[in-house]
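I opened the model to look up charge pairs, helix packing and confidence. My entries follow.

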Amino acid sequence: MKDQDIIFKYAFIDEAEEILSSVECCFMALEKTPDDQAVLDKIFRMIHTFKGTAGSVGFDDISQFTHQIENLLVGVRKGEHKINPDTVCFLLKVKDQLHLIVKELRRNIQQRFDFSVLTGELATLMESLSSSAWVRPQAPQAEENGLGILSHATATAPDGFTHELKPTEPEKAATAVDASENIRVNLARIDNLVNDVGELLLLQNVLYENRHQIPSVLLQRSVVQAQKITRKVQDTSMGLRLVPIKLTFQKMQRIIRDVAKQLGKEIRVQISGEETEIDKTILDLLADPLLHMVRNAVDHGICPPAERKAASKPEIGTITLRSYIAMGHNVIEVVDDGRGLDPQKIISKAVRLGLVAPGTVMSGEDAYQLILKPGFSTKEEVSSISGRGVGMDVVKTNIDRMKGTIEIESKIGEGTCFRILLPLTLAIIDAMIVKVKDDCYVIPLALISETVHLTLANINYVTGRGCYANIRGETIPLYSLAGLMGKRPGQKLDTPVAIVIRSAQAGVFALLADEITGQQQVVIKKLGEELKGLPGISGAAILGDGHAHLIIDPCDLMQTHKHKGIQDH
Amino acid sequence: MSEIEEKLEGAVYKEAKREIKEDLRFLAFALCEEAYAVPLLKVREVIALGEITPVPHTPPHFKGIMNLRGQVISVIDLRTKFNMKKIETGSETAIVILDLNPFCLGIVVDSVDSVLALTEDQISPSPDIESSVSQEYITGVARIEKKLILILDIEKALSIDDLAAIRNQNTRKKAA
């Protein structure tokens, strides 16, 4: 095989993935409005492109199979077949299979596939369609063409189709323009650019802050000008990593549809804010939690139609997927109009599971958070969809990893809203620089509740339990940052600083540092593979001195420390 | 199949692959008065010893991290790793940055000596000689003007298991 051919083949795989994900939502649209000619035309164009490209790069098996699907669609377009739920199910199945095939091809481009099962199913489907909605007598001929004499059909098809496609040509041009506005760029390149721009920004800051030392007015002005442009470049480069959440929402829509079908529920999906842009890495991490959330919403949230009717609600349930930006956060909501969460039920279940002590009194919100604990499931029976108590745990873990939070609002009988709040970007953070002996550490400002200068009188030592700080009458466990960072504590200072952290995961505690040297924006640098999983360290940042410094994740540091403490005893 | 696979690697890698097979150029450096060499193609650059920030809960040979023009790179001290005696940092002390996919690491060396272009007959398989480095890390020995240069299997010397040990050590190490 020539190199050229391989490049074309990989290009096809890229394109195929794109086509398959957009064709999926068209299929689902078709399910809602089977007569929508515009959707049908769109599907037709995409399948046609898919077939054509597959054939031209040498995937004859794929091309031939898609041709048969095209035949089915021709029938639909001509009004010979009617779209019914079975057709859509089949089309979605075909799409899933093709997706798998494309994935497989990416792994091994030499792979060939057997479409006989799908072809068989297609034949049965066509038959059932033809017996119910056949109009013209000459049509069976066309069907036979599609299924039987493949090579002939493939050879003659293009002429027929170019003719048919003509009326929709203007629209096609419009989509072509849309496509040309995007180019594919390797994510690593963008990361490099973002990194470099971060560095540029640091250097520029030094120039800007010291511009008064420059004697020439012209140069001074240039520095100010360059400052503005650098900021702009930074904004743009940060924006490069952003992708709309649309595709993820579409996937969820499909999952909701499938799960609902499986459970015999009818659910309408509402999507808003699908154009909201989210960092690509965050979006990838978001896929799993969202999956569990929508599955839960369908399975636990929405009741079966009969139950809904009894509660005088519309039989068709609604799940809303919403995304927007508010208060410096990306907000993603999954809302259902189902039965809602019952705090009492959750608490009693948690008591039974031993997650909370019997007789515990807690607010509704605290009770809701219990469902995020590992092993928690209010469903009595375990099904393939949910009930194992693993799902929401995954949600919590992944969202913690993204430094996000999850809020749950619910009203019994009215529905539940799961709200994920994510920081806008992970690459640049506001941070506090603290000094311990000769080392500087970076702590994300978002995690710090307050900083307090302590006097020795405020620090109490309890044998066997460590230090406590007395801050305005509150007793807070105090840990020496030097100690946590594996250093011997230096000589005691008269006025050390306590950095108070109030977190959901690690509770309230304070870190003892020598002094706070500053507060600034830092660019988070990833540590090498070899340092992955180092507890308490979330990355590195290059500070004004030009050296790399560690970014501390106080909560993680704390938890590892506690964990080790337990092991030691 | 192998032929296809090779082609599948793409034009980019093909070039590099052929070179690796044929390229017998090495970067020679000194570790504690012994001469070592690593394949030149694995070397990204050589820089002067800069400020290194120590990372807690890592083994002693893990020196820390440093800023290489905006990239944060881990630096490893092979002398500690190989249990050599400590040598004072001098003006010739340098860091060799290695590109070992997926790792990019720096190693501290006492001095960088030369780039050697060797022929195959100049390299003999690792004999039983006395060196501070365990035999398994040495792929061969080059004899140049009566001087012995040990060719390091640098990936093995900095093996992934070894790097994973950094992680394991964390879980074992008692909290201070």
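**Salt bridges.** I counted salt bridges over all chains of this predicted model and got 25. The cut-off I used was a side-chain nitrogen of Lys or Arg within 4 Å of a carboxyl oxygen of Asp or Glu. I then picked one pair to inspect. A:K280 and A:D284 join their side chains in a salt bridge, at 3.1 Å from N to O. Both sit in helix α12 of chain A, residues 280-301. They are four residues apart there, so about one helical turn separates them. Side chains of opposite charge can pair when their charged atoms come close.

**α1 against α11, chain A.** Next I looked up helix packing. Helix α1(A) covers residues 3-32, and helix α11(A) covers residues 246-263. I read an angle of about 45 degrees, with the axes 10 Å apart. The two helices are therefore oblique to each other. I noted the crossing of α1(A) and α11(A) as left-handed. Which residues of α1(A) meet α11(A)? I listed A:S21, A:E24, A:C25, A:M28, A:E31 and A:K32. On the α11(A) side I found A:L247, A:Q250, A:Q253, A:R254, A:R257 and A:K261. By class, this contact holds six charged, three polar and three nonpolar residues.

**α4 against α11, chain A.** I went on to helix α4(A), residues 85-107. Its axis comes within 13 Å of that of α11(A), and the two cross at roughly 125 degrees. How do α4(A) and α11(A) lie to each other? They are oblique. α4(A) passes α11(A) in a left-handed crossing. From α4(A), I logged A:V88, A:C89, A:L92, A:K95 and A:D96. Their partners in α11(A) are A:R254, A:R257 and A:K261. I sorted this contact by class: five charged residues, three nonpolar and no polar.

I checked the α11(A) residues against both entries. A:R254, A:R257 and A:K261 meet α1(A), and A:R254, A:R257 and A:K261 also meet α4(A).

**Confidence.** Last, I looked up the predictor's scores. The complex gets an ipTM of 0.75 and a pTM of 0.51. Chain B has a mean pLDDT of 78, and 73% of its residues reach 70 or more. Residues 11-20 of chain B have pLDDT below 50, with six contacts beyond near neighbours in sequence. Residues 170-176 of chain B are also below 50, with 17 such contacts in the model. Where pLDDT is low, the predicted coordinates should not be read in detail.

Definitions and conventions:
Residues are numbered from 1 along each chain as its sequence is written. Chains are lettered from A and ligands numbered from 1 in the order in which they are written. This is a predicted model: local features need pLDDT of at least 70, side-chain atom pairs count only at pLDDT 80 or more; totals for chains, interfaces and linings use all residues. Side-chain values use heavy atoms; hydrogens and water are left out. pLDDT is the predictor's confidence in each residue, from 0 to 100. Contact means heavy atoms within 4.5 Å. Axes are lines fitted to C-alpha atoms, for helices over the stretch in contact, and angles run from 0 to 180 degrees between N-to-C directions. Angles under 35 degrees count as roughly parallel, over 145 as roughly antiparallel, 65 to 115 as roughly perpendicular and the rest as oblique. A crossing is left-handed if the near helix is turned anticlockwise from the far one by less than a right angle, and right-handed if clockwise. Ala, Val, Leu, Ile, Met, Phe, Trp, Tyr, Cys and Pro count as nonpolar, Asp, Glu, Lys and Arg as charged, and the others, Gly among them, as polar.
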